Amino acid sequence: MSIKSKLNIKRSNTDMNSGSQSGDVIDKLPDINLSPPSNFSGAFEESIDRRTFIKSSAVFSLAAACPLLISPDRVFAQNFPEETKKFIIEARYYEKLEHKKIRCKLCPRECVIDDRERGYCGVRENREGTYYTLVYARPCTYHVDPVEKKPLFHFHPGSLAFSIATAGCNVNCKFCQNWQISQVRPEKVRSIYMPPKDVARLASEYQCVSIAYTYSEPVVFYEYMEDTVVAGHEKNVKSVVITAGYISQKPLIELCKKVDAIKVDLKAFSEKYYREIVNGELKPVLDGLITMRKMGVWTEIVYLVVPTLNDSDDEFKGVSRWIKKYLGSDIPVHFTRFHPQYLLKNLPPTPLKTLERAKEIADAEGLNYVYIGNVPGHPAENTYCPKCGKVLIERIGFTIKKLNLQNGCCKYCKHEIPGLWGI
Ligand code: SF4
């Protein structure tokens, strides 16, 4: 039976994509400079039509509350109006073709795009044979999160990450939990103007160790991310990328030279799943993971376990063996619980037993740091020393309860634990 036949799949009318999983939810942002109104819960206005949008905009008095928010007359603009020009710069990875067409070289989809058309991700547009990103300095959500929420477990435990996202995504996961922003074009969400220097300044003011590019898919706001990484480093703030890893090698290599850590959602270990559930491809993601390790950027993997679709023993064994062989035993792997939402509401949450089985198999295959995610209080949220077996980092949900590391080593047996600890 095909995977699709097990599902009740309906495509959204936006014909767009999905974003990151793994417990990355969008919460309310504390009041800060540049903050949207207090009823802004971190996100978006899913517009159905212009009238609806104008009406709701009037209710919230957005323009009065924050002049930086996009006003209705900027929405649905067909040409780059003066007001939106600050969000638009030339894209960095594309080639010009005949008849004013272009080929985007940012992700393996390699969209070929006619003049006045956009790529699959909906946030890049061809104008007269020049390709532009429409989401530079245009976050539609931002929030201060614990880095454990990303999740990154071997990266400055207990630290904060100033988290940003723009609209758009280059894949289309049927289980996306942030589909309200990943599945829409930038004109359909409320956004603010937040150039890289402002992101860095805010991250620093909020004592965030890192800036996280997250919630939707940072590959599609690559230029903004790349410049923000540089601005962050000037302020001593690191950068972590939360991604599906569906990116072409050249931009990935450049990114790896700059960023401090990457968390990849490895959605499954089968091309079929990637084709039918993600609308992407597995191989470029695996190739990307190998590149990340070769380039020495700290990397962790999340595998969202979806009942009946990617939860067989064979698949757990296959993915664990591949990880050990090509990435090594020390890369952290998080098997996380699926919750029914978006287009997979017909499936149950992942049974705990399935997650424990996944961990058992990965442990048996020789991976040293296998976690269970989205199950607060489970012992497999903790980091254990692979040599002496003692608890090194005790966690409950996103909270660190105990830290038994010294200079990146087990405080009991002095075994070195891989990661960027900052302690
Ligand atoms: S980044 Fe967007 S436009 Fe470029 S190839 Fe990927 S989906 Fe297409």
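**Starting at the parallel strands**

Select residues 160-165, strand S8, along with strand S9: the two run parallel and are joined by 4 bridges. Zoom in on Ile164 and you'll find Tyr213 of S9 opposite. Keep in mind that you're looking at a predicted model.

Stay on S9, residues 210-213.

Tyr213 has Val241 of S10 opposite. Show helix H5 (residues 222-234) too, and you have a right-handed β-α-β unit made of S9, H5 and S10.

Next, the open sheet: 3 strands in the order S2-S3-S4, with antiparallel pairing. S2 (94-96) and S4 (112-113) are the edge strands, each pairing on one side only. S2 and S3 (residues 102-104) share 3 bridges, and Lys96 has Ile102 in S3 as its bridge partner.

Which residues surround the ligand? Select Cys104, Leu106, Cys107, Arg109, Glu110, Cys111, Gly119, Tyr120, Cys121, Arg124, Asn170 and Val220. Colour that shell by class and you get 7 nonpolar, 2 polar and 3 charged residues.

Last stop: colour by confidence. The protein chain has a mean pLDDT of 85, with 81% of its residues at 70 or more. Residues 1-78 have pLDDT below 50, though the stretch has 148 contacts in the model beyond near neighbours in sequence.

Notes:
Residues are numbered from 1 along each chain as its sequence is written. This is a predicted model: local features need pLDDT of at least 70, side-chain atom pairs count only at pLDDT 80 or more; totals for chains, interfaces and linings use all residues. pLDDT is the predictor's confidence in each residue, from 0 to 100. Two residues are in contact if their C-beta atoms, placed from the backbone, lie within 7 Å. Two strands pair if DSSP finds at least two bridges between them. A residue is near a molecule or strand if its C-beta atom, placed from the backbone, lies within 6 Å of it. Ala, Val, Leu, Ile, Met, Phe, Trp, Tyr, Cys and Pro count as nonpolar, Asp, Glu, Lys and Arg as charged, and the others, Gly among them, as polar. A residue is buried if 20 or more other C-beta atoms lie within 10 Å of its own, exposed if 12 or fewer, and partly exposed in between; C-beta atoms are placed from the backbone. A crossover is right-handed if, with the strands pointing away from the viewer, the path from the first strand over the helix to the second runs clockwise.
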